[in-house]
Amino acid sequence: MNAPYDGDRGQGAGGGTAPSPGPQAAPGAGHVPHPSSPPAPDPYVQDAYSHDPYRAQDLSAQDPVGEALYDRAAHPPPPPGTYPEPQPLYQQPAAPQHAPDPRVWAQTPAPEPDGPSRHLPYGDDPRTVQFTGVDDLVTRAGEEQPEPDAFAHLYRDQQSPGQPSSPAPVPAPASPPPAAPKKSGGRASGLLKSSAVMAAGTLVSRLTGFVRSLVITGALGAALLGDTYTVAYTLPTMIYILTVGGGLNSVFVPQLVRSMKNDADGGEAYANRLLTLVMVALGAIVAVAVFAAPLLIRAMSSTIADDQAANSVAVTFARYCLPTIFFMGVHVVMGQILNARGKFGAMMWTPVLNNIVMIVTFGLFIWVYGTSAESQLGVQTIPDEGIRLLGIGTLLGLVVQALAMIPYLRETGFRFRPRFDWKGHGLGKTVKLAKWTVLFVLANQAGVLVVTQLATAAGEASGKDGTGFLAYSNAQLIWGMPQAIITVSVMAALLPRISRAAHDDDPGAVRDDISQGLRNSAVAIVPVAFAFLALGVPMCTLLYASSGVEAARSMGFILMAFGLGLIPYSVQYVVLRGFYAYEDTRTPFYNTVIVAAVNAAVSAACYFVLPAQWAVVGMAGAYGLAYAVGVGVAWRRLRNRLGGDLDGAHVLRTYARLCLAALPAAVLGGAAGFGVLTALGEGALGSLAALFAGGLVLGAVFFVAAKRMRIQELNSMVGMVRGRLGR
């Protein structure tokens, strides 16, 4: 039977109402005592402390609240003889000399040694026990929190009959601490939903990028003038990537995530220092590059530099385009700050503004001078006003793209304040990490430089449109669209999570996230790669019909050669993110040296062995072959880094089954497209019909085959799409 409520004891003691006689009350206990006589003894109060074997050593016995909170069930009595015998029953405990301090419930115990030898007085391990009684009160003495009702359990018998009383805790045997569970990589559907906004922005950006390439080709053609502008337009991107772009894209995201997690201001000061440093560095790079424009053009293409008219046009274009290096860097840093704060859409959507500005610019050029087929403009006949219009429009597009990031940053609460206190705040470590990334992109761009030199030379030697560097760039633009929409979007959402898992030293979570990124992106990458192989010609004859049927068909052959290389290119991108999460930039550098060396060597062999008309087609095939070699090297190194397990069997099985489903789909789709193209011709209407018929057959066959193979990742993607559509 529970003890009566404390208020009842107070009434009895106070003399207001006499307590009810108990079973052991003396005869005549029902008689009301004289007010001056002492109150009748309460058996519950007398017995409240006497049976406690720990009273002599438990400091909480000095305080009734602490005694009520003390959990005896968690501490069974010690063996006999350990403590003194309990005092006789029905005897009040001695009054303490001093009243307990209300701020500190018990005295602080003596310090105990750290490590496995540290134990509580009753033999419990402090790492696995939630402290109660004295220990809990000492631990939480300085915390300000509402006082719990210490006497709530004393009147359980006064609860309503419908309320069950909570059972007393049952002591559990001591057990070793359980192992921490491994972190899961998350569900595929959740990752797909996280990437939806980014994929939509990248899709719109790539589509407008297609329109931009169409108007550039329509305005300048696919001959030497088009190659000249393409070299000048590509030059700022190469310089930016060679200097700071590689580090910004890969190294600084993990650093921003760590600063947000560890810094008191949420990483805002670190981000301001980084943005200030990048702006200063890029301003100096732009100043040097503008003066060195003739040397840079010669480094890009000796074929253009040796032609006086082409070199003059290229240098003028370059001096308009080179300041875009500064705005590229500002845009990327702002985007990475947003990515570290969980805002991924802005970096994918703002390039649309750049594409729109350039589309308007080249549209005005066509409105004034006509298309290349109508105006027959070349490097010797293009007017200075036309060069100025295209140069200013190209620069203005990047300015608008960078400034459009400011409202997104302000929405997250970030305010840019220039900070020049760079020393001693972690930027030195970041720069050391970035140096390997700079070498990484240097090796990569060295291969691109070789291809640029060889492609421009092959296009000039063949004497045919669509066989030079502009055709190579246009085909690569189409080929890289699925990579940017799917793989980049998936990994942009996964990279902060992988970085946190690597920081927490959880290789299981890193492995699961990388495996998930590979398998989820493969569902779309594999069939699209086979679609490029089957339908490359009607794609290019539809998109680049304004440059002529011959040039468009040549671009289609280049796109077909690129086709299957999309699979190892996507895998390489995902695998390298695992190294960046561990702040390992040296391994990607060595891996890229291998890729660039293979690409340059095979491209040079194609230039010297194949006819000039087919040399660029061979270079496109060499690009995918180089990445296939690089994937084998990177995969083995990352697997060793993660303890010998990269979920290789699961990933390989998914890719193999997707390829088996895509192969018959590509054969049937390509046959359907070729038949329609032969029947209707290679005009815009025939190309559109061939692309529609071949794509429909390819997609239907692949979907049916993949469903029969029960590919789990395809089912997850279909379920996500149905959920978005509300079906």
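A residue counts as buried when its relative accessible area is under 20%, and as exposed when that area is over 50%, with partly exposed in between. Keep that handy for the exercises below, and remember that this is a predicted model.

**Exercise 1. Work out whether glycine 393 is buried or exposed, and which residues it touches.**

Step 1: find the residue. Glycine 393 sits in helix 17, which runs over residues 384-403.

Step 2: apply the cut-off. The relative accessibility of glycine 393 is 6%, so this glycine counts as buried.

Step 3: look for partners beyond the neighbours within four places in sequence. Glycine 393 is in contact with Val357, Met358 and Thr361.

Step 4: check one of these partners. Threonine 361 is 32 residues away from glycine 393 in sequence, yet their C-alpha atoms are 5.5 Å apart.

Now zoom out to the chain. Of its 727 residues, 44% are buried. Among contacts with a separation of 6 or more, 81% are between residues 24 or more positions apart.

**Exercise 2. Classify the ring pair of tyrosine 229 and tyrosine 233.**

Step 1: know what to look up. A pair of aromatic rings is described by the distance of the centres and the angle of the planes.

Step 2: A search of the whole structure turns up 16 aromatic pairs. In the pair at hand, the ring centres of tyrosine 229 and tyrosine 233 are 5.8 Å apart and the planes meet at 15°, so the two rings are stacked. The cut-off here is planes under 30 degrees apart.

Step 3: compare their surroundings. Tyrosine 229 has 1% relative accessibility and therefore counts as buried, while tyrosine 233, at 21%, is partly exposed.

**Exercise 3. Describe the lining of the second largest cavity.**

Step 1: list the lining. The residues are Asn444, Gly447, Val448, Val595, Ala596, Asn599, Tyr623, Ala626 and Tyr627.

Step 2: Helix 19 (427-462), helix 24 (586-609) and helix 25 (612-641) each give at least two lining residues.

Step 3: sort by class. The lining has six nonpolar residues, three polar ones and no charged ones.

How values were computed: Residues numbered from 1 in each chain as written. Predicted model: local features only at pLDDT ≥ 70, side-chain atom pairs only at ≥ 80, totals over all residues. Heavy atoms only, no water. 1 Å grid on protein atoms, 1.4 Å probe; cavity = no way out; pocket = protein on both sides within 12 Å on 5 of 7 lines; lining within 4 Å. Helix = DSSP H or I, 4+ residues; strand = E, 2+ residues; numbered from the N terminus. Nonpolar A, V, L, I, M, F, W, Y, C, P; charged D, E, K, R; others polar. Buried < 20%, exposed > 50% of the residue type's maximum accessible area, 1.4 Å probe, protein only. Contact = heavy atoms within 4.5 Å. Phe/Tyr/Trp six-rings, centres within 6.5 Å; stacked < 30°, edge-to-face > 60°.
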